[in-house]
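Dear colleague,

I am passing on a structure that you have not worked with before. Please look through it first, and then read the notes below it.

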Amino acid sequence: MKNGLKWGGLILLMLCGQMVLAAPKTVIPVETGHTQLVMVAQENGVLQTLYYGAMIADPEAFKAFRTGRGTDNGEGPMAYPTAGGRYLGQPALHIRYADGTHNTELFYIGHDIRSKGDVTTTEICLRDQVSSVEVKLVFDAYRKEDVIVTHSEILNGGKKPVELLDYASGSLYLDANQYLLTHFYGGWANEMNIDSEVLTHDTKVIESRRGTQVTQCSNPSFLLSLDADRLQENEGEVIAGALAWSGNFRLSFEMDESNRLNVLAGISPFASAYRLAAGKTFVTPDFLYTYSQKGAGQASRNLHAWARNYGVYDGGKVNPTLLNSWEGAYFSFTTETLLRMIDDAASMGLEMFVLDDGWFAKDYPRNGDDAGLGDWEVNTAKLPEGIDYVASYAHAKGLRFGIWIEPEMVNPQSNLARRHPDWIVQAPGREKYQSRNQWVLDLSNPDVQDFVYGVFDNTMKLSKDIDYIKWDCNRTVANFGSEYLGEQQDRFFVEYVQGFYSIMRRLREKYPDTIVQCCSSGGGRVDYGALKYFNEIWTSDNTDALSRVYIQYATNLIYPACVMASHVSAVPNHQSGNVTPLKFRFDMACSGRLGMELQPKNLTERERALADRCIRSYRQYRDLVFSGDVYRLASPYDGDYYALMYVSQDQSRAVVFTYCVKYQNRAVGAHPFRMNGLDPSRKYRVTELNTDRSCWWGSGEVHAGDFLMHGGFNPVLQKTFDSAVFYLEAE
Ligand code: DGJ
């Protein structure tokens with residue numbers, strides 16, 4: 001432990017022939033502006049979590065607190081439960097020692113609190129007397145954002161190696177009568193569907209074992225509504241949390257016989273018993289959570305504010321609008337195709353052109369998804385003038401330039417696969433299964449890390465005019481294994497992710513200003529671990545605006561709008577086949593980071609005019625999308641509309657997005673929404689954008705904030721795919 005540690009003043013007592021610890025009770029509150037987590041080191045040294053909720057003026061009151069609920073789970077709500085001792089629930093930490101035993105009993109040694117700006121860090125040291133294993137629990141409390149970020153540091157203080165069988169980042173004990181768990185599931189082009197269930201006794205587990213592309217099943221995040229049957233937007237107690245880890249993860253929710261809930265979040269232990277040598281420390285990833293008394297809305301706003309200020313690379317900074325070549329050209333383009341797309345992007349007022357897949361590999365040219373990955377040289381048969389020619393053309397037209405890479409992967413049809421078969425993720429003697437005709441490179445190997453770093457670095461060297469990299473990752477791991485790791489195969493899944501982060505750290509040192517998108521067949525890598533290094537995510541390969549209503553609604557429950565890349569594409573939509581009006585597509589894409597992904601020359605004159613108009617108006621309010629507070633006015637899961645608004649921090653400006661996702665017959669008429677987050681005492685001019693015929697009678701007029709929030713905002717959105725965007729400015 002560091003200097004400045006307050007020691008708990010422990011006394012060793014002989015009790016029943018055993019050494020036990022005795023000390024005065026110590027209350028350790030972890031406090032944000034409005035919330036409080038209270039842990040108490042009991043007289044026997046066991047550290048318990050007794051409270052997480054709204055701020056209580058005197059947390060010392062918990063000194064006398066008794067849990068009151070009988071339980072067979074021994075030591076009650078332990079702050080970091082272990083296998084061993086009297087704890088019978090799912091442990092956060094489970095160690096197998098060299099002698100084959102499994103018991104760890106952690107007792108409080110001391111704690112340290114320090115503050116820097118708005119962040120207070122509390123470190124609590126726990127120790128197992130028999131094995132000399134020490135665990136440091138670290139809590140960073142973000143005052144303004146009301147977010148707590150925790151992780152554990154597990155030190156093998158013994159003389160022999162140990163195996164970590166479970167090693168969660170953190171544990172949270174909650175006390176309510178009922179818990180509604182909201183979590184996310186999905187697949188390719190169908191990310192972030194919502195599941196909600198009232199938890200029953202025993203354990204609910206949410207886990208991903210995919211190695212890469214881990215979030216194209218579940219997402220490592222959740223919301224828990226206390227004593228409620230449905231997820232409420234503006235009322236009720238909600239705890240929202242997320243694990244910042246881009247690999248296999250496990251969240252578990254264990255309700256004991258007296259209804260107490262233990263939440264554990266951490267790396268999935270699947271095939272990952274981690275050997276920790278004597279004297280070594282394992283640092284677990286961050287587990288972040290927030291508490292709200294104002295429903296999911298406030299919980300999201302807390303997480304988003306934290307993400308913008310601390311959790312996302314350059315979070316909250318406005319990223320450029322763009323035209324991406326993928327759905328407009330796929331693999332079939334020439335230099336001429338790209339230059340004309342750049343011309344069109346510039347004339348529509350977009351700010352960047354991104355050249356997607358298909359520009360590289362000579363011997364095995366990347367003209368389809370079956371060849372070329374690994375051979376990162378420009379395909380000069382396709383682009384004879386090279387990348388610099390295209391990038392500088394974009395710059396000359398006033399656009400920035402971005403380019404796609406997928407550096408963690410290799411096609412069997414590539415020079416790399418022939419040169420370095422040992423770099424491919426594989427298990428000896430077993431099939432190397434292909435997916436999208438490709439294999440995964442073994443990022444646990446430092447040579448591979450250097451190679452992957454080099455792919456990014458060398459691509460950047462193709463032109464001084466590269467401003468943006470789209471980093472893709474298009475498959476999961478099968479028949480996992482690493483030639484490099486030899487007998488230590490248990491480390492593979494963890495060291496893959498650590499290798500990925502180490503590459504990203506190095507790249508960020510060299511390229512602090514490059515905008516980097518995290519794409520993994522769309523939203524396969526959406527987590528706060530990756531977002532420390534990436535500016536944005538490719539939210540989904542599904543660009544259908546109707547599908548995006550649901551995908552973006554759910555993504556935005558946990559992740560801020562500034563990271564959600566959202567593109568207008570052609571109809572019929574290439575994934576869903578849906579035909580939606582261009583305005584609906586724009587209005588949807590404009591609620592995130594706006595882009596277009598189609599062949600502009602296929603747009604009619606009228607469509608071009610609408611595109612120009614929507615892109616221009618987006619620039620007027622997009623700072624609100626990137627850094628405003630979100631207020632959801634209608635959930636597409638609850639009714640026939642999706643509506644949300646972003647409000648500036650000073651409440652002087654706002655933008656409102658409204659979408660009708662189901663036909664309303666005439667009898668139903670106009671739907672009233674209640675705006676939110678405005679200053680009720682101020683007056684706002686409300687103007688509908690992107691149309692000459694407003695669907696709301698009050699557009700262009702000045703209205704009182706309280707009127708808009710409680711009374712009369714009822715745009716007529718009657719037909720499926722009717723949509724409207726309103727801009728508000730305080731007078
Ligand atoms: C998957 C991505 O999600 C798409 O946007 C596109 O970049 C393709 N890969 C290219 O192969």
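The notes below cover the ligand and then one of the strands.

This is a predicted model, in which local features need pLDDT of at least 70 and side-chain atom pairs count only at pLDDT 80 or more, while totals for chains, interfaces and linings use all residues. Residues are numbered from 1 along each chain as its sequence is written, and side-chain values use heavy atoms, with hydrogens and water left out.

The ligand is surrounded by 13 residues, of which the closest are Asp356, Asp357, Lys470, Asp472 and Asp541 (a residue is near if one of its heavy atoms lies within 4 Å). By class, this shell holds 6 charged, 4 nonpolar and 3 polar residues. A polar side-chain atom of aspartate 356 lies 2.6 Å from an oxygen atom of the ligand, and a polar side-chain atom of aspartate 357 also lies 2.6 Å from a ligand oxygen. The backbone takes part in the list as well, with a polar backbone atom of glycine 522 at 3.1 Å from an oxygen atom of the ligand. Taken alone the ligand exposes 290 Å², and the protein buries 98% of that (Shrake-Rupley method, 1.4 Å probe).

Strand β19, residues 260-267, is mostly covered, with 8 of its 8 residues buried (under 20% relative accessible area, 1.4 Å probe, protein chains only). Strand β12, residues 162-175, pairs with β19 in the antiparallel sense over 7 bridges (pairing needs at least two DSSP bridges), and serine 171 has leucine 264 in β19 as its bridge partner. Strand β18, residues 249-255, is also joined to β19 by 7 bridges and runs antiparallel to it, with leucine 251 opposite alanine 265.

Best regards

How values were computed. A polar contact is a pair of N or O atoms within 3.5 Å; within protein, one must be able to donate a hydrogen and the other to accept it, and residues adjacent in sequence count only if both atoms are side-chain atoms. Ala, Val, Leu, Ile, Met, Phe, Trp, Tyr, Cys and Pro count as nonpolar, Asp, Glu, Lys and Arg as charged, and the others, Gly among them, as polar. Buried means under 20% relative accessible area, exposed over 50%, partly exposed in between (1.4 Å probe, protein chains only). Helices (H or I, at least four residues) and strands (E, at least two) are DSSP runs, numbered from the N terminus.
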